[in-house]
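Colleague: Can we go through this model together? I have a handful of quick questions.

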Amino acid sequence: DDRCHHTGGELRTREANRLGEQVEECDTKDRACAKPEDEMEFILEFQRKKPAEHGGHKSRETDRDGHTFPRYHSVNGVPYGSRASHPHPCYNYPRMRTAIIGGGAAGLMATATLHAANPAAEVFLLERNDGLGKKVIISGGGRCNVTTGIHDVRTVLTKYPRGSKFLSSAMYAFPPEAVYAWFEDHGVPLKNEPDLRVFPQSDDGRDIVRTFERLFDTPRVRVMLKTQVTGIDRHAAGGFSVHIKGQQEPILVDTVILTAGGQAYRHTGSTGDGYAFAMSLGHTLTVLAPSLNAFFTREAWPAEVSGVSFPHAAITATRGKRTTFTGPLLFTHKGVSGPAVFALSSLVAFEQYDAAQPLDITIDLFPDQSADELHRTIAPHITEHPTKSLLNIIAIIVPKSLAEVWKLGCFFC
């Protein structure tokens, strides 16, 4: 409504133009309502504050008006630090129109947050596929690993081989504990697994997407599926025209949020259109390179042990400066994959390698043990069973299928 939320004062508002600019007066008995620039200062003041290290849900933040809020949890289901989680007492929602291009993870959360923060806004969520969250649904083997069970943001940031500085502000604004609370507050029970990954208790990624679909079942949010954006024009006077394939008239909006994704898993709709849209609006792009990807190997033997995994292996790229990462590793039909491989691919993303100039890698399946320690592990078995084949001895420390590949001398074929 048009009333201040304190002391019962009247807030009189008239829209200056269709972009939602407002002229406000408030004859509250105690003090005048904050002007828009004060409102923004109020929001930024909250977003600048980073939660200190602490161990639970009881730590609270106090604003300049004496209101207190949990540091980590979302407030009223809205991420910490957003306008809706810490509303200014006199804030009057503008009636703006926003186009969000891309209905993946970022687009879903952007739409939900914008609608919660400004219920009067009209939001157009444009998705080229026939459904939302295609990549969300297939992530985590179809279970959707929602977030991490590590609550300390500083610790989480150390897990990113590159980009921790870039991610810092976003991670503090909406930390893993707040993500966990947000989904549970919206009806998705979650669970922590021993490796600290967080999944829906149903083990079904579609439950995550259904949550957003329920939130978007409102007249103020228009979900437009099978809708391909072909271009975006910026108006000199403000606002944008969003052009749609097969549609003569563009969608006119005040703001645009690009969440079109990159070019990974192109079959899910991420075809790189977002790069072109960003450049057309005057943005520049850094050099692009594959990252967080599996490796295809020239050698064919990994196919013989496809599915064999190791929870703790070290993989090293030997070109130039040796780069190593240790973690879970999986052999596939075409090479190697798993968290350790993804991390290494990120670290060597800007190395030039292809089928003609492959990148040499080595894999240590026992990074915490020396050769002597491994020999001491198998020596008693050799002594007790002197007639046992070397294949069976090796199979004591690695899966037999991998030992058989070693026996055939196929590690370099």
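Colleague: Which residues is Ser-346 in contact with, leaving aside its neighbours within four places in sequence?
Modeller: Pro-161, Arg-162, Ser-291 and Leu-292. Contact means heavy atoms within 4.5 Å. One caution before we go on: this is a predicted model, where local features need pLDDT of at least 70 and side-chain atom pairs count only at pLDDT 80 or more, while totals for chains, interfaces and linings use all residues. Residues are numbered from 1 along each chain as its sequence is written, and side-chain values use heavy atoms, with hydrogens and water left out.

Colleague: Is Ser-346 buried or exposed?
Modeller: Buried, with a relative accessible area of 5%. The cut-offs are under 20% for buried, over 50% for exposed, and partly exposed in between (1.4 Å probe, protein chains only).

Colleague: Where does Ser-346 lie?
Modeller: In helix α9, residues 339–347. Helices (H or I, at least four residues) and strands (E, at least two) are DSSP runs, numbered from the N terminus. The buried residues of α9 also include Ala-340, Val-341 and Leu-344. Among the elements covering them are β16 (309–317) and β17 (323–331).

Colleague: Switching to α8. Which residues are buried there?
Modeller: Gly-274, Phe-277 and Ala-278, in a helix that spans residues 273–280. They sit on the same side of α8, because their arc around the axis is only 100 degrees. That arc is taken from the directions from the helix axis to the C-beta atoms.

Colleague: What covers them?
Modeller: The cover includes β5 (97–101), β11 (229–234) and β14 (255–258). Just after α8, Gly-282 has a positive phi of about 100 degrees.

Colleague: New topic, the sheet with β7. What is the strand order?
Modeller: β7-β9-β8, an open sheet of three strands with antiparallel pairing. β7 and β8 (190–192) are at the edges with a single partner strand each, so one side of each has no neighbour in the sheet. Two strands pair if DSSP finds at least two bridges between them.

Colleague: How many bridges join β7 to β9?
Modeller: Two, and the strands run antiparallel. Thr-147 stands opposite Val-198 in β9.

Colleague: Which helix lies across that sheet?
Modeller: α6, residues 176–185, which lies across β7, β8 and β9. The helix runs at about 145 degrees to β8. Axes are lines fitted to C-alpha atoms, for helices over the stretch in contact, and angles run from 0 to 180 degrees between N-to-C directions.

Colleague: What does the side chain of Thr-148 reach?
Modeller: The backbone nitrogen of Ile-150, at 3.1 Å. Thr-148 is in β7. Not counting residues up to four places away, Thr-148 touches Val-156, Pro-176, Leu-196 and Val-198.

Colleague: Now the charges. How many salt bridges does the structure hold?
Modeller: Ten. A salt bridge is a side-chain nitrogen of Lys or Arg within 4 Å of a carboxyl oxygen of Asp or Glu.

Colleague: Which residues are linked in a network?
Modeller: Arg-143, Lys-191, Glu-193 and Asp-203. Glu-193 meets Arg-143 at 2.7 Å, N to O. That pair links distant parts of the chain, 50 residues apart. Glu-193 also meets Lys-191, at 3.9 Å.

Colleague: And where does Asp-203 come in?
Modeller: Its side chain meets Lys-191 at 2.9 Å. Lys-191 is in β8 and Asp-203 in the loop between β9 and α7, so the pair ties together parts twelve residues apart in sequence.

Colleague: Is Glu-193 buried or exposed?
Modeller: Buried, at 18% relative accessible area. Lys-191 is partly exposed at 23%, and Asp-203 is partly exposed at 31%.

Methods:
A polar contact is a pair of N or O atoms within 3.5 Å; within protein, one must be able to donate a hydrogen and the other to accept it, and residues adjacent in sequence count only if both atoms are side-chain atoms.
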